[in-house]
Amino acid sequence: MHSLWRLRGYLRPHVWSLALMMFAALGGVALMIAIPLVTKALIDGPIRDHDSSALLPLGLLALALGVLEAFLIWLRRWVQSGAVLGVETAMRHDLYERLQLLPMSFHSRWQSGQLLSRVTTDLSAIRRFSGFGMLFLIINIVQVVVTVVVLLEMFWPLGLVVAAAAVPIVLLSMRFEKRYVLVSRRVQDEQGDLATLSEEGAVGIRVIKSFGRSDHMAGRYDAAAESLRETSLEKVRLSARFWTFLEVIPNCAVVVVLLLGAIGVGRGSLTPGELVAFITLLLSLVWPVSSLGVILAMAQEAMTAAARILEIFDTEPAIRGGDRVIERPRGHVRFEHVDFAFPDAPDEPVLRDLNLELAPGETVAVVGATGSGKTTLTALVPRLWDVTGGRITIDGVDVRDLRLGHLRSLVATAFEEPTLFSMSARENLALGRPDATDEEIAEALEIAQAQFVHELPFGLDTRIGEQGMSLSGGQRQRLALARAVLARPTVLVLDDTLSALDVHTEKLVEEALNRVLVDVTGLVVAHRASTVMLADRVALLQDGTITRVGTHRELLATEPAYKELLAAEADSGQDDLDALSQAVRA
Ligand SMILES: Nc1ncnc2c1ncn2[C@@H]1O[C@H](COP(=O)(O)OP(=O)(O)O)[C@@H](O)[C@H]1O
Ligand SMILES: [Mg+2]
C-alpha cells in the first residue's frame, strides 16, 4: 500500500472530481438499496390491500428513484474518465522525462522493448486501480455491509445465509483474478513474440531467403502461433469456469432463501413484500461481492506495478551537471590519466591511464583494433558515461563541473550507427540546433555530401527514420554528420562516421570537412588511411591506453602495429566492395 500511497500526488489535482465521483457512487448505492424497500412498501401496502389509489404515487416514486440512479451512474462515469486519463497522462509525462534523465548504465541494463512494455502495463494497472478499483473497493464494501445489515434487520436467519454465501464468492473471485492476470500477461507476451517474429521475417527477408531458411522460419512462426492459441484458450476456459460459478452460487442462495422465506412467510415472521425485497437485494449483491475479490487482486497488482514504477523514479540520475559555463570556448581538450570500466564489469577496465591532448582547432584521429575502446573513449567527452578515474577537461575545466546542457552544446557527436527519428529530415537535422536556418542546413548538407535530401519526394520535409523513408547506411551516416556539423560544436566527435561511405564520397566529405575542422577541435575515430589524413595527428589506442601519438607519416614509419591496423583494413578490400555496392545502388 505504501508504494501506491507515494503516488497520491497524481490524484491531488483531481480531488474535486474524486469527491464528486464518491458522492455519485454512494448516492447510487443508497438508491440501489432504497428501490427494493419502496417495492416492499408497494407490495405490503397498496397491492395487499387492493388500494389502487396509493399505487400510483409509490410507483412513480420507484420510477423517479430509478431515473436518479441512472443519472448518478452517468455522472460518475463522466467525471471518472476525465480524472483517470489526466492521472495517466501526468504519469506518462513524468516517466518519459525521468527515462531521458537516467544514465546510459540504466538504459543498457534494460532492453528498450521490455522497458516500454513494462511501463505501459504497469501504468495501466495503476490507472485501473486508482480510477476504478479504489472507488469501487470503498463503494462495494459500503454496499455489502449496509445491505447485509438491512437483510439481517429484515429477517436475520436469511441474512446469515446471504452473508455466508458471500465469503466463498470473494475468495473465489480473488483467486480467479490472480490467475486471469497471469494468463493475460502470457497472452500479451506471446502476442509480442509473434509480432517480433513477423517483424523479423519482414525485415530480415533478404537474409532468410539467401540462406534458404524460409521453411525453418515459418516453422518457428507456426510454433509461436500455436502456443498463443493454447494460452488464449486457457484464458477463455478460466473465465468460463469462473462465470459459471458466479451464476451458480447466488442461484443456490436464491433457492435457499426462497425455501426458508416461504416458511417464514407461512409462519408470519416475514411479509411477502419483505421476501421480494430480500431477493432483489440479494441479487443486487452478486456483482459487488464478486467484484470485491477482483478488485482486491487488482489492488495487489497495482501495488506491485507502483513499486516497479517507483523503482524508475527512485533511480538517481548518476550523471548530474555542475554549474560552470565556459564563456568563450576554445576547445582545448585533455584526457588526464583517464580510467574507465563499465559498471557491470568493474574489474575489466576498458581504458586505463589514458592521456591525450587536443589543442584548440586541432584534429586528432584515434586508431585502434575493433573492441579496443574507441567508441567508449568518444562517449566520455559529452559524459554519456563518466570516467572512473582521472579526468577530462575542456579549456581546463573538468567536464563534470560544466552545466550538462552547456557541455552537450559544446560537444557534438556523429555516431557510426546513427539513429534517425521518425520525423522530417529537417527536424532530424536540427536536433542539435532547433533554430537553424535553411541556408545553414543546406551548408551542413553540403559538407556531409548529403544533398540527396533535396531530391527526396518532399525535400527537407520528407519523413525519414523508423516509420519513414528508409535510407542506406551511408546516407544515414551522412545525415548524422550533417546533424553534428549543424550543431556548431566546439568539439566535433566523429565515431567511425564515414565507415559506410564509398571512397569517392568519402573524399568529397573529407574535403568539405577539412574546412569545418579548421575552427573546430576534432576527435575522429578512423579505420582507413584516407580518413586518418583528415587529422593533424594520430593517436594509437592499444590495450586500453594511448601508446603513441604522432603524425600519420611518423607512425607509419616507426610503428609496425599501426601499419598493420591500416593495412588489414585495406587488404580486406572492404572499401572496394562498399564502393561497388554504392555504385550499383546509385
Ligand atoms: N555498454 C557496455 N557495457 C559493457 N561493455 C561494453 C559496453 N559497450 C562496449 N563494451 C565493451 O567495451 C569494449 C570497447 O568497446 P568499444 O568502445 O565499442 O570498442 P570500439 O569502438 O573500439 O570497437 C568492448 O570490449 C566492448 O565489449
Ligand atoms: Mg566503435
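This passage describes the overall form of a predicted protein model, and then a few of its segments and residues. Local features are reported at pLDDT of at least 70 and side-chain atom pairs at pLDDT 80 or more, while totals for chains, interfaces and linings use all residues; side-chain values use heavy atoms, with hydrogens and water left out. Residues are numbered from 1 along each chain as its sequence is written, and chains are lettered from A and ligands numbered from 1 in the order in which they are written.

The protein contains 19 helices and 10 strands, where helices (H or I, at least four residues) and strands (E, at least two) are DSSP runs numbered from the N terminus. Its C-alpha trace spans about 120 × 60 × 50 Å along the principal axes. The radius of gyration is 35 Å, whereas a compact globule of 586 residues would have one near 25 Å; the radius is taken over C-alpha atoms, and the globule rule is 2.2 Å times the number of residues to the power 0.38.

Of the 586 residues, 45% count as buried, that is, under 20% relative accessible area, with exposed meaning over 50% and partly exposed in between (1.4 Å probe, protein chains only).

The mean positions of the 55 positive and 69 negative charges are 6 Å apart. Here Lys and Arg count as positive and Asp and Glu as negative, with His and the chain ends not counted; each charge is placed at NZ of Lys, CZ of Arg, CG of Asp or CD of Glu.

An unreviewed UniProt entry annotates residues 15–35, 55–75, 132–152, 158–176, 242–263 and 275–299 as "transmembrane region". UniProt positions follow the numbering used here, feature names are shortened, and annotations may be inferred rather than shown by experiment. In the model, residues 132–152 are 100% helix and 0% strand, with end C-alpha atoms 29 Å apart. Residues 242–263 are likewise 100% helix and 0% strand, and their end C-alpha atoms lie 32 Å apart.

Two residues can be looked at individually. D347 sits in the loop between β1 (333–340) and β2 (351–358) and counts as exposed because its relative accessibility is 72%. D347 is 57 residues from L404 in sequence, and their C-alpha atoms are 28 Å apart. H552, in helix α17 (residues 552–558), is buried, with a relative accessible area of 15%. Beyond its neighbours within four places in sequence, H552 contacts V532, M533, V538, Y562 and L566.

Methods: Contact means heavy atoms within 4.5 Å.
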